[in-house]
Every structure is written in structure tokens, then in C-alpha cells.
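Here's a walk through a two-chain model, written for someone who likes cut-offs spelled out. Have a look at the coordinates first, then read on.

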Amino acid sequence: MEIEENFLYTKEHEWVSIEDNIATMGITDYAQEALGDVTYVELPEEEAEVEQFEQIVSVESVKAASDIYSPMGGKIIEINRKLEDTPALVNKDCYGKGWIAKIEVRDMDESTNLMSAEEYRNYLDSLH
Amino acid sequence: MSVETSLHNTPLADVHVALGAKMVGFGGWNMPLQYESILAEWDYNRKTVSLFDCSHMGEFMIKGDAKACGLDRIVTQTIVDMPLKTCRYGAMLNEDGGVIDDLIVYRKGPEDWMIVVNASNIEKNAKHFRAHLNSHAQFEDASFKTAKLDLQGPQSRDVLKVLAPGVEKLDYYTFDQFQINGIPCLISRTGYTGELGFEIYCPWEKCKEIWKTILTHDTVKPTGLGVRDVLRVEMCYSLYGHELDETISPLEAGLDKFIDGQKEFIGRQAVSARPPRHTIGYFISASRKSPRAGNKIYDAAGHEIGMVTSGTFSPALQAGIGIGFMSRHSKDAGVEVFFGDEKNKAAAVVAKRPFYKNGSLKS
């Protein structure tokens, strides 16, 4: 299972990469593998204000729909519109081209509620 | 005890695990959901040929004159005029006219029948047959000694005619006895995918050998139940527990043409006395967003008109597709509907069945 070393993680299997005050988020390799072929990503609206761990996205696979939660609170400043036509990017490159949204972070301290790569690896181990 | 330990295993459970299948509980059975990905397996089935383990399904063997032994009264379809070595789809109902199960009757001899039923219903069905067959019938539940493999896809005939010469002569919904590697098999030209295909019934303990023999043919790939459900929704085939159950009348479920109005059968009075409350309908999402079982269906004015019973993403249409019960005036093709819940509704349009029209089924 691939895990990006410098990213932070949630228990719901979202990842976030924070540079300055901009957080880019998506779902982890574990999540995309569990979902199977992603067929639809219901993207959030740009400019929307969201709370940390608030549901912002729905990701659908052939057989099921899953709620995705925002790893950080703030304002959504950009969404990955490529996912509208090619949702399979979430399967092919979940930490790269399959990113879902960028959030202008309101309170950087919220990142202490997230797991490091090491902690997330241990968390995944604990699930099995 | 966990749920998994109480599941039945087909003869192939360890083979599926060794092949890397993702396993899942289905109808009380431990079954392969997928081997690689549902989209890849869909593509392979529609274009080439796939092998499914369907050993979980039930087989009942009945000997007796259809009318004298009570069999004719149990099933809704006409069976007394069935030519030998043909199959016929139908259902069996309770006294209230609800569907106990849908089934296929195979006529093996003038007084020799095989009934194929759904895995989750084997026990209750066997009970129903035992209760309603009389002393002129011999009944055997052979579900746990009869395995079933489905070979489905446009190239299925080319593969199977090498292993079981003569299968290429089978017409749609007919069957015969064959041998694969010297093992006796009943093979019918039937299936649940909308593609040209065969169902192979063989002895439980020989199933592994037949599975491996078919897979040595390098055009055949194993396929899971995940894609089987997508294929059947694309064809608008009903699935027990979704479009059919004991509270649903066969008329509501669109089974009209599988009911013989000229004969007596259990549930007949109730069915004709009860006007259908709603009717089955089919709709295509305006986007890739897919309806899911349990979603509500709304008309253009926002009034609730029904409920989704099955929904999936259709790789053929590159859109969501759904089956559901809806009010009778709203089920005509072209009518705009919405699916979802009060907070979140997505647009769709009612369509004619089947969603997938290019299958090799009758080729």
C-alpha cells in the first residue's frame, strides 16, 4: 500500500499536503483500492467554507457511494475538474493527478488532529 | 461467531482465493466479488468470454407427471407442453400472490424435471416444494451436490465446442447432456449477462477439474459476482431481494409473460384480485452519478413516485442506470424523473428495457 511520506492523513483515509496555507486533499491508496473503479466524483463547490472533518465530496464506484471528509477547515479555492470526465485518475494516481480539492486553511493548528505517514501506516496495520 | 464462518463455500472457494479474488458474502455464500476490477471484467465479458462460479445456486430434481404430482400448480409458467431438453423461466408464488422465488424449469424427460432457484432461497423453496408436491412426486434437493459454472461472452461457443462437442447446436433456452474430460455435465444455453453463453451443471466434486480445464483456454478469464450484477442490471433482469420478494406481485415486477393465465397455480386468485400498486420502470441518469437501491424516485414536480430497487454505473452507457418501482403513469420512456433523497436529487430519464441492446445473447 503506497503512502506519501510528507503528507498527513485522516482515519477516513483522506490525505492532505499543506504548503504555505494551501491544503491539497484527496483519498489514499488504501481508499481507492477498497472502492475499486471510481466512476463518479461529486465535487464540492468552489468558495464554499468547510469545517475540518465535514463531508465535502461523494466518490462513487461501480457498486457503491462513499462520503469523503475535508482533512482541514477553510475555504475551497480550487477543485479538480478533470475528475468530472476522468474519475479513474483517482485510481491511477491518487496522490497526484487524482487530487480532489485545494483548501485555503483557516487554522493551521487543526493539522495536529491528523496522522503522519508513520502513524497512518500503523493505523492501517491495526485495521487488519 | 462471525458472519464469515457461517457462510457456505462452493467447491472453488480456495481456488478463488488463490487466484486473488476479493471474496464477499452473498446470499449466505462466500463468493468472489472480483478478480481484477469490475470495469475490466465487464469489458472482457462483453467482448470476449468469462467464467463465473455459480455453484451457490440451488437445483431441485423432481420426478413425476407435472400435473399429477403437483409441480404444475407450484410454478406460474406453462410446463406441460415443454419439449424435452428445453428450459422455461417463471416463478413460484405464495397464497397471497407474492413471489417466493423466480426459477427456471428444465425438462429432462417426460416426467423428469430440474428446477434452478436462487441461492438465498434454497431452504424455503425446498420446504415449499415438499409441502405442495404430493405422493406422486419424487423430490430431491441436489443443491449441495450440483455445481454450476457459467461461461458467458461472444466467444463462449468457440471455447466450449472444443471441450464439449455438440454444444454449438444448442438453441437459446435448450440443453443436453455432454461430457467434459469424461465428466458428465448438463449444459444449457442460458445465462444472466445478455451475452451468448452457457450454464454448465456438473458433480460438486468434479467442479474444480472442469473449472481448471476451461481456464486452460487462454481466452477465458475468471469473473466475479460484482460484474454479474452490472451485466444483469444493464439487461434489466430482476434479482430476488431487489425486484422480487414475497410482498411483490409478479405483475408489479413485470413478469406477466411468465404467467400462464389459463392454468391453476398457487397464488393465482390473489394475483388477479389485487390491482398492481405500482410498476417496474427503468431509467438512465443524466450524468455518471448512479442511482442506488433505496434511493427515492421523484417526478419533475418533485413528488415522490417510487423507489430504486437496483442501481449501478453502466460501463456500456457511461452513465448511471436504475431499476425501480414507480407509479404507473410515470414509467413511459422519455419521462423525466429524479433519483436521490429530499436534499439531493439527480436528473434521469425513463428508458425502454434493456439498457444494453448490443448483446450477443441470440447470435
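Let's start at one residue: A:Glu5 sits in the segment before strand E1 (8-9) of chain A. Helices (H or I, at least four residues) and strands (E, at least two) are DSSP runs, numbered from the N terminus. A:Glu5 is exposed, because it has 8 other C-beta atoms within 10 Å. The scale behind that: a residue is buried if 20 or more other C-beta atoms lie within 10 Å of its own, exposed if 12 or fewer, and partly exposed in between, with C-beta atoms placed from the backbone. A:Glu5 and A:Ala117 are separated by 112 residues in sequence, yet their C-alpha atoms are 5.3 Å apart in space.

Before going further, some bookkeeping. This is a predicted model, in which local features need pLDDT of at least 70 and side-chain atom pairs count only at pLDDT 80 or more, while totals for chains, interfaces and linings use all residues. Residues are numbered from 1 along each chain as its sequence is written, and chains are lettered from A and ligands numbered from 1 in the order in which they are written.

**The two chains**

Chain A has four helices and nine strands, in the order β-β-β-α-β-β-β-β-β-α-α-β-α from the N terminus. Chain B has nine helices and 20 strands. The radius of gyration of chain B is 20 Å, close to the 21 Å from the globule rule for 363 residues, so chain B is as compact as a globular protein of that length.

| Chain | C-alpha box along the principal axes |
|---|---|
| Chain A | roughly 35 × 35 × 20 Å |
| Chain B | roughly 65 × 50 × 50 Å |

On burial, 41% of the 128 residues of chain A count as buried, and for chain B the figure is 47% of 363 residues. Now contacts: two residues are in contact if their C-beta atoms, placed from the backbone, lie within 7 Å. Among contacts in chain A between residues at least 6 apart in sequence, 64% join residues at least 24 apart. In chain B, 66% of the contacts with a separation of 6 or more are between residues 24 or more positions apart.

**Where the chains meet**

The contact takes 12 residues from chain B and 10 residues from chain A. On the chain B side, H2, H8 and E17 of chain B are the elements that give two or more residues. That side divides into four nonpolar, five polar and three charged residues. Here Ala, Val, Leu, Ile, Met, Phe, Trp, Tyr, Cys and Pro count as nonpolar, Asp, Glu, Lys and Arg as charged, and the others, Gly among them, as polar.

How many residues of helix H8 (residues 225-234) of chain B are buried? The count is 10 of its 10 residues, charged ones such as B:Arg228 and B:Asp229 being among them. Its cover includes helix H2 (38-47) and strand E17 (304-314) of chain B. After H8(B) comes B:Cys236, with a positive phi near 65°.

Six strands of chain B form an open, mixed sheet in the order E11-E12-E13-E10-E4-E14. Its edge strands are strand E11 (175-180) and strand E14 (221-222) of chain B, each pairing on one side only. Two strands pair if DSSP finds at least two bridges between them. E4(B) and E14(B) are parallel, over two bridges, with B:Ser50 opposite B:Lys221 in E14(B). Helix H6 (residues 156-163) of chain B lies across E10, E11 and E13 of chain B, at about 130° to E10(B). Axes are lines fitted to C-alpha atoms, for helices over the stretch in contact, and angles run from 0 to 180 degrees between N-to-C directions.

Elsewhere, strand E15 (residues 279-285) of chain B has five of its seven residues buried. E15(B) pairs antiparallel with E18(B) over six bridges, and with strand E20 (residues 345-350) of chain B over three bridges, also antiparallel. B:Phe283 has a bridge partner in each: B:Gly322 in E18(B) and B:Val350 in E20(B).

The largest nonpolar core has 121 residues, and B:Ile115, B:Leu149, B:Leu151 and B:Ile200 have the most contacts inside it. Such a core is a set of buried Ala, Val, Leu, Ile, Met, Phe, Trp, Tyr and Cys residues joined through C-beta atoms within 7 Å. Leaving out residues up to four places away in sequence, B:Leu149 touches residues including B:Leu51, B:Phe52, B:Ile200 and B:Trp211.

Notes:
The radius of gyration is taken over C-alpha atoms; the globule rule is 2.2 Å times the number of residues to the power 0.38.
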